[in-house]
Amino acid sequence: AYERRFPTCPLIPMFVASDTVNEYKSEDGAIHVIERRCKLDIDAPRLLKKIAGVDYVYFVQKNSLNRRERTLHIEAYNETFSNRVIINEHCSYTVHPDNEDWTCFEQSASLDIKSFFGFESTVEKIAMKQYTSNIKKGKEIIEYYLKQLEEEGITFVPRWTPPVTCKSESSTSHTRRPVSPAINIPESATKEGLNNKEILNTSSSPSEPTAGTPDDKLDADYIKRYLGDLTPMQESCLIRLRQWLQETHKGKIPKDEHILRFLRARDFNIDKAREILCQSLTWRKQHQVDYILDTWNPPQVLQDYYAGGWHHHDKDGRPLYVLRLGQMDTKGLVRALGEEALLRYVLSINEEGLRRCEENTKVFGRPISSWTCLVDLEGLNMRHLWRPGVKALLRIIEVVEANYPETLGRLLILRAPRVFPVLWTLVSPFIDDNTRKKFLIYAGNDYQGPGGLLDYIDKEIIPDFLGGECMCEVPEGGLVPKSLYRTAEELENEDIKLWTETIYQSASVFKGAPHEVLIQIVDASSVITWDFDVCKGDIVFNIFHSKRAPQPPKKDSLGAHSITSPGGNNVQLIDKVWQLGRDYSMVESPLICKEGESVQGSHVTRWPGFYILQWKFHNMPACATTNLPRVDDVLASLQVSSHKCKVMYYTEVIGSEDFRGSMTSLESSHSGFSQLSAATTSSSQSHSSSMISR
């Protein structure tokens, strides 16, 4: 009865849709675990949704049915805003120990709101209202589906019994059943996509440690030299996470030191660490962060007026970064450069910090994985609390926290003025608790006394502006001339340019206005390859073939709306009078791609001619319970911005003899390197001589 509420339930109006992302069934049929990604239309004020930038929220729900133990356990947690709000829910259906005709139901949930754009109390009230409503309707919904089953003539389901193959097997199965008490599937097994055989081997070996230590060990000298002290459990977590990345991630694998940072940030919880690491890898790929030091040169304004720079190292060998925040004109920098350029500069600083950590590890002969930051607040005043500047600072902190965990070894804040508590109140909620513990704050000249700067930095390298003898080459900052200020339009165009001056191109996809790319093929059996990331919204990816060339592309043709797409290009090639099957044909099955997914694939061409790659807006299916449009749908149709998707893509045509991928692969694998999905699943579909992988 419970399973009947999926993929959507008319009795729960906010439950819009659900997709199965992971499923496991044991060979004997006793265990069935299914994990779904659920889309919810939360009853929240439209203003709050607009501020948050979402129309729907996504939850992951995992249902574990154990027919042997006669239990159903349901776990759910939020994917949307998981770095701001943490929601966990657990429900269980069990048989009453005294009366087998009774079913016991237990439900518990927790809500932890770290920060939510200043609307924390509002979000708490909405969450409590939704949860209370769900509890009241829970029994009503189960009874509805029980009655539905009875009307279909299903009033009894036989109890599960172990499969019997032969006498010798059945006789031993009752006496030797070490699998039985441990058959609850390990969390890591379902999420890491182990096959049935691996799960049974894990559970049938009680003598093995529960951490599932792999066979290979890390060399002790290597650990001491590059990683630092690790317990056997921590070493095992590192090896398992690295192996999982090697098996599932086709891109560049991070170094052990970087993987270890994410594990430490989540107290070596391998599932949580894998989730944030996968999100970070997708983010790095989307924004080409790996190449930022080689391909991006900071504007001259930053080099002249950004009062920060690297300065030797502290007593522990950590690279030392000095920031004279009080001397910096944050308002002028934001007005002259925009938020994106500032963010990119901070990212380049962090990338340089990672590089310096590697160098210092070699120089000092011991692992150095973080740096020390010295912030001088002399000169800080209310000008630094300019709202757009604080907003830019908060965004930078959020991005750095998510993608550079455990890189800040110590933060020394010197000469904090009276206005500092105001800034700290604004900023501190966005900083992780572990990071906050590394902050040391000194008012006035306290840094010169006992427990001050000399405890952490050698006297010889204390900067001259702090009373030391070492000349510091960090720019002095100062006011940015207003003649360098840019208009909002100029800054917006510059922001777009910053993130698209790579091999990837940016495109906007609107409802009724897909983005299309034309590829002309002269030699049959050429291979069209693609690599794209869905940055916003859900899209459908199609590949078409035509013998004749389409008309010159029409840019930003959005019908009656006539809206340009500032977030990227929009080109339409397929003429509206063309008919599918007559003027052009589909050569691949449509592929639905969710927001945050990274998709790579290829198509071996059968004929010469013109091939069109198309990214189209994904329309959700209409409500099954009524043909009338919902009020939200009508309102949304009036706002084109709510029907906008964004993709970043790269395509290339290569000869079949140069193609190193599989020429006959019929497999479509969906990997969870997405900000919305931590699991990895795979499925198979039939594609003509193609390889598509997410």
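Me: Are Tyr306 and Tyr345 buried or exposed?
Reply: This is a predicted model, and the answer is computed from its atoms. Buried means under 20% relative accessible area. On that cut-off Tyr306 and Tyr345 are both buried.

Me: How many aromatic pairs are there in the whole structure?
Reply: Rings pair if their centres lie within 6.5 Å. A search of the whole structure with that cut-off gives 18 aromatic pairs.

Me: What is the geometry of the pair formed by Tyr306 and Tyr345?
Reply: The ring centres of Tyr306 and Tyr345 are 4.8 Å apart, and the planes meet at 85°. Planes over 60 degrees apart count as edge-to-face. The pair of Tyr306 and Tyr345 is therefore edge-to-face.

Me: How many residues apart are Tyr306 and Tyr345?
Reply: Tyr306 is in the loop between α11 and β7 (308-313), whereas Tyr345 is in helix α13. The pair links distant parts of the chain, and the separation is 39 residues.

Me: Which residues have the most contacts inside the largest nonpolar core?
Reply: This core has 54 residues. The three with the most contacts inside it are Tyr306, Leu333 and Leu377.

Me: Which element supplies the largest share of this core?
Reply: Several elements each supply at least two residues, among them β8 (319-323), α12 (330-337), α13 (339-364) and β10 (408-416). The largest share is 9 residues, and it comes from α13.

Me: How many residues are in the second, separate core?
Reply: This core includes Phe532, Cys593, Leu613 and Phe617. Its count is 23 residues.

Me: What is phi of Arg415, and is this residue buried or exposed?
Reply: Arg415 is found in strand β10. Its phi is positive, about 55°, although Arg415 is not a glycine. Its relative accessibility is 15%, so Arg415 counts as buried.

Me: Where does Ser525 lie, and what is its relative accessible area?
Reply: Ser525 is in the loop between β13 (515-521) and β14 (527-536). Phi of Ser525 is near 70°, another positive value in a residue other than glycine. Ser525 is partly exposed, with a relative accessible area of 36%.

Me: Which residues do ring pairs link into a cluster with Phe6?
Reply: Phe6 and Phe15 form an edge-to-face pair, with 6.0 Å centre to centre and 80° between the planes. Both of these residues are buried. The cluster that contains Phe6 also has Tyr2, Phe15, Tyr93 and Phe105.

Me: Over which ring does the charged end of Arg324 sit?
Reply: The charged end is 3.9 Å from the ring centre. Elsewhere, Arg37 lies over the face of Tyr58, at 4.0 Å from the ring centre. For Arg324 the ring is that of Phe465.

Me: How many disulfides does the structure hold?
Reply: Cys373 counts as buried at 12% relative accessibility, and Cys645 is buried at 1%. A disulfide needs a pair of cysteine sulfur atoms within 2.5 Å. The number of disulfides is 0.

Terms used:
Residues are numbered from 1 along each chain as its sequence is written. This is a predicted model: local features need pLDDT of at least 70, side-chain atom pairs count only at pLDDT 80 or more; totals for chains, interfaces and linings use all residues. Side-chain values use heavy atoms; hydrogens and water are left out. A nonpolar core is a set of buried Ala, Val, Leu, Ile, Met, Phe, Trp, Tyr and Cys residues joined through side-chain atoms within 4.5 Å. Buried means under 20% relative accessible area, exposed over 50%, partly exposed in between (1.4 Å probe, protein chains only). Helices (H or I, at least four residues) and strands (E, at least two) are DSSP runs, numbered from the N terminus. Rings of Phe, Tyr and Trp (its six-membered ring) pair if their centres lie within 6.5 Å; planes under 30 degrees apart count as stacked, over 60 as edge-to-face and the rest as tilted. A charge sits over a ring if NZ of Lys or CZ of Arg is within 6 Å of the ring centre and within 35 degrees of the ring normal.
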